[in-house]
Amino acid sequence: MKYDIIVIGSGPGGYVAAIRAAQLERKVALVERAEAGGVCLNWGCIPTKALLKSAHVYTHCLSAAEYGIELSGEVRPSLEKIVERSRAVADTMSRGVQFLLKKNNIDLLQGFGRLTAPHKVDVDGVEYDADHIILATGARPREMPFMPVDGEHVLSSKHALLLKELPESMIVVGSGAIGAEFAWFYAALGVKVTIVEYLPHLLPLEDEEVSKTMERAFRKLRAAVLCSTTVKSVTVNDEGLCEVVVENKKGETTLVADKVLSAVGIVPNTEGIGLETLGVAVEKGWVVVDDFYRTNVEGVYAIGDIIATPALAHVASAEAVCCVEHICGLEPHKVDYAVIPSCVFTTPEVASVGMTEEQAKARGVEYTVGRFPFTASGKATAAGDRDGFVKVLFDAEHRLIGAHMVGASVTEMLAEPTLAMQLGATAEAIAHTIHSHPTMAEGVLEATEAAMGHAIHL
């Protein structure tokens, strides 16, 4: 069968590409070897947020007395039911993607897709033709030779979504978004968690002040945080416990825990999909593309986690739209990688966009910084969520170049500074925009006014 566009992979890059192409009246097929929606909807973004919501509810119950609420009886988490709810949420979202595909007359081809010849895709032995082929095969957890994942003692993020009972202790190796979220989830449910991070700060891609705030937040949960620490080996002893040999400036020591979660990044799914057959260029494991996601092979494109751009669902979706619209002869806006919002759904939450203060210094950018602590926020105080702050950076022309937030609901607040950066908004424009009161979002206004030197509530 002949298609205008075949998309391989149905994650937030692939299914968005397929739907946008169908909207532009192209005949489209979407190839998926597993569940519709890819890792994000089934084993990543969505089910983890469902787990985290359950943990939030549990911690709110534990602190109910602080809000004048009396609870009788024991409050305890049931991991089995928490996981069951998480899987139900993921299934609902996957069915939603299937509905959208059907609504847009997109053929879902179940199986493993690979390139076999120019404009040809094989799906489990059946060959299809297409004028254009978009590779959106995503990524998988990275495995390190010194920390072999067995699914029982040493876990990947997928395994951590499906545990049947809470372990007494867990060592989380890696403190990016995945590691930090799982560490918070299990620590909030009472597991003794130790986070081991190779780099000097927790959440190493975030602003240093944000990282330090999160380190304090984890310690409040009685989780241990070991930064600037190298994992040398992970073995399982005769008692079934994990022994993790780590090394830092204090020397070498052995940590012991029931489980180890490996959260040391991802690798692109490029094996076996026919890149070598067609001579598609790959560099350091990632497919090489231009600004419109064209590879060096005519008619073959790549988006999402298999190219060297931020491995975020919303980035893949934006790349999908740009790629498809270019294929269809439109003039799409190129993705601006300087304005990519990033969120971590711990408690407190972390949200950021643009340059950190450390990056501004390293690049020699002249900047002004403004901060607003949530301890001064009426809404945060009323809600009992006073941890964290808003930090904004403006360049010499007073244009917003970075925003970094840690606190309750900051992931929802991030859209304002992201839009402000996209539009080139100045500090004056933000300061003259009336923000409703009382809200957490007033923190953006207050931090901006602080940067301008006329803060009212500080």
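Guide: The ring of W43 has the charged end of R87 sitting over it, 3.8 Å from the ring centre. K158 also lies over the face of W43, at 4.4 Å from the ring centre. Here a charge sits over a ring if NZ of Lys or CZ of Arg is within 6 Å of the ring centre and within 35 degrees of the ring normal. Please keep in mind that this is a predicted model, where local features need pLDDT of at least 70, side-chain atom pairs count only at pLDDT 80 or more, and totals for chains, interfaces and linings use all residues. Residues are numbered from 1 along each chain as its sequence is written, and side-chain values use heavy atoms, with hydrogens and water left out.

Rings of Phe, Tyr and Trp (its six-membered ring) pair if their centres lie within 6.5 Å; planes under 30 degrees apart count as stacked, over 60 as edge-to-face and the rest as tilted. Y3 and Y128 form a tilted pair, because their ring centres are 6.3 Å apart and their planes are at 50 degrees. Both Y3 and Y128 are buried (under 20% relative accessible area, with exposed over 50% and partly exposed in between, using a 1.4 Å probe and protein chains only). The rings of F185 and Y186 have centres 4.8 Å apart and planes at 75 degrees, so this pair is edge-to-face. F185 counts as buried at 1% relative accessibility, and Y186 counts as buried at 1% relative accessibility too.
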